[in-house]
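Hi there,

Here is the structure I promised to pass on to you. Have a look at it first, and then read on for my notes.

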Amino acid sequence: MNKERERTVVMSEIMVPQMANFLGNVHGGWLLGFLDRVAYVCGARYCGLTLVTLSVDQVFFKEPIYVGELLTCYACVNYVGKTSMEIGIRVTTENLKTGHIRHTNTCYITMVAIDKEQHPVPIPPLVLHNEDEKRRFNEALERRQMRLKLYKNKDPS
Ligand SMILES: CC(C)(COP(=O)(O)OP(=O)(O)OC[C@H]1O[C@@H](n2cnc3c(N)ncnc32)[C@H](O)[C@@H]1OP(=O)(O)O)[C@@H](O)C(=O)NCCC(=O)NCCS
């Protein structure tokens with residue numbers, strides 16, 4: 001039997017002045033790019049396939065992230081359909097002087113596995129081991145249904 005692949009990743013980065021916006025805090029665009037890379041690492045590590053980003057759910061910048069803080073993303077494959085998967089990312093920051101940790105964002109990114117012709121390909125199904133994983137899977141399934149509904153309701157013109 002094949003060994004199950006890792007479905008989580010933790011990635012940290014120190015916030016440096018090059019990441020700042022006009023106010024001197026971390027730029028939202030930089031954070032979005034980092035979240036996308038974290039989701040890619042988490043998803044690709046799980047399935048070993050090439051992935052593209054299909055959607056990034058609304059990201060709320062509830063609190064600023066400051067230069068000098070250590071940003072850490074805790075990512076997990078929440079849901080796997082046939083060719084798509086949802087990766088949830090919890091973002092925290094740590095003030096390295098005081099040790100104070102803040103939860104600044106949570107976001108959900110949907111990725112699709114593709115082949116060389118860029119057609120969707122199947123992802124190994126997610127085996128759910130415990131109640132926590134089952135809850136995350138079911139919540140992700142609800143979000144997926146909302147996304148599909150939202151997309152279908154859009155006027156394509
Ligand atoms: C991702 C891509 C290959 C999917 O192609 P497609 O022809 O739409 O493929 P499908 O209709 O088979 O959908 C693929 C998966 O996405 C899911 N999906 C499609 N639209 C969705 C939506 N609005 N919400 C949630 N899931 C959706 C499908 O349910 C399917 O998942 P499943 O196999 O687990 O059920 C194609 O949309 C693409 O190339 N997009 C551009 C990706 C990209 O460039 N990303 C970077 C952006 S800068």
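This is a predicted model: local features need pLDDT of at least 70, side-chain atom pairs count only at pLDDT 80 or more; totals for chains, interfaces and linings use all residues.

**The overall layout**

The chain has 2 helices and 5 strands, and from the N terminus on these elements follow the order β-α-β-β-β-β-α. Along its principal axes, the C-alpha trace spans about 50 × 45 × 35 Å. Of the 157 residues, 25% count as buried. If you take the contacts between residues at least 6 apart in sequence, 70% of them join residues at least 24 apart.

**The sheet**

The 5 strands form an open sheet with antiparallel pairing, in the order β1-β3-β4-β5-β2. Because β1 and β2 stand at the edges with a single partner strand each, one side of each is left without a neighbour in the sheet. On average, neighbouring strands here are turned by 30° against each other, direction ignored.

Helix α1 (residues 28–47) packs on this sheet and touches β1, β2, β3, β4 (84–94) and β5. The direction of α1 makes about 45° with that of β3.

Now to the pairs of strands. β1 and β3 (residues 70–80) pair in the antiparallel sense over 7 bridges. On to β3 and β4, which pair in the antiparallel sense over 10 bridges; here Thr72 stands opposite Thr92 in β4. A hairpin through 3 residues joins β3 to β4.

Thr8 belongs to strand β1 (residues 8–14). Is Thr8 buried, partly exposed or exposed? Thr8 counts as partly exposed, because there are 13 C-beta neighbours inside 10 Å, and a residue needs 20 or more to be buried and 12 or fewer to be exposed. Not counting residues up to four places away in sequence, Thr8 touches Cys42, Ala75 and Cys76. Gly33 is 25 residues from Thr8 in sequence, and the two are 19 Å apart in space, C-alpha to C-alpha.

**The nonpolar core**

The largest nonpolar core has 30 residues, and Ala39, Ile87 and Ile89 touch the most other members. At least two residues of this core come from each of α1, β3, β4 and β5, with α1 giving the largest share, 7 residues. Ile89 is worth a click in your viewer: leaving out residues up to four places away in sequence, Ile89 touches Leu35, Val38, Ala39, Cys73, Ala75, Thr106, Cys107 and Ile109.

**The ligand surroundings**

How many residues surround the ligand? There are 17, and the closest are Gly81, Lys82, Thr83, Ser84 and Arg147. β2 (50–56), β5 (101–114) and α2 (131–153) are the elements that give two or more residues to this shell. By class, the shell has 7 nonpolar, 7 polar and 3 charged residues.

Thr83, one of the closest residues to the ligand, is found in the loop between β3 and β4. With 16 C-beta neighbours inside 10 Å, Thr83 counts as partly exposed. Leaving aside neighbours within four places in sequence, Thr83 is in contact with Val112, Ala113, Pro120, Val121, Pro122 and Ile123. The C-alpha atoms of Thr83 and Ile114 are separated by 8.0 Å, while the two residues are 31 apart along the chain.

**A backbone detail to look at**

Most residues other than glycine have a negative phi. Gln118 is not a glycine, yet has a positive phi of about 65°. Gln118 lies in the loop between β5 and α2. Where does Gln118 stand, buried or exposed? Gln118 is exposed, because 9 other C-beta atoms lie within 10 Å, and 12 or fewer is the cut-off for that class.

That is what I have for now. Happy browsing!

Best wishes

Technical notes. Residues are numbered from 1 along each chain as its sequence is written. A residue is near a molecule or strand if its C-beta atom, placed from the backbone, lies within 6 Å of it. Helices (H or I, at least four residues) and strands (E, at least two) are DSSP runs, numbered from the N terminus. Ala, Val, Leu, Ile, Met, Phe, Trp, Tyr, Cys and Pro count as nonpolar, Asp, Glu, Lys and Arg as charged, and the others, Gly among them, as polar. Two residues are in contact if their C-beta atoms, placed from the backbone, lie within 7 Å. Two strands pair if DSSP finds at least two bridges between them. Axes are lines fitted to C-alpha atoms, for helices over the stretch in contact, and angles run from 0 to 180 degrees between N-to-C directions. A nonpolar core is a set of buried Ala, Val, Leu, Ile, Met, Phe, Trp, Tyr and Cys residues joined through C-beta atoms within 7 Å.
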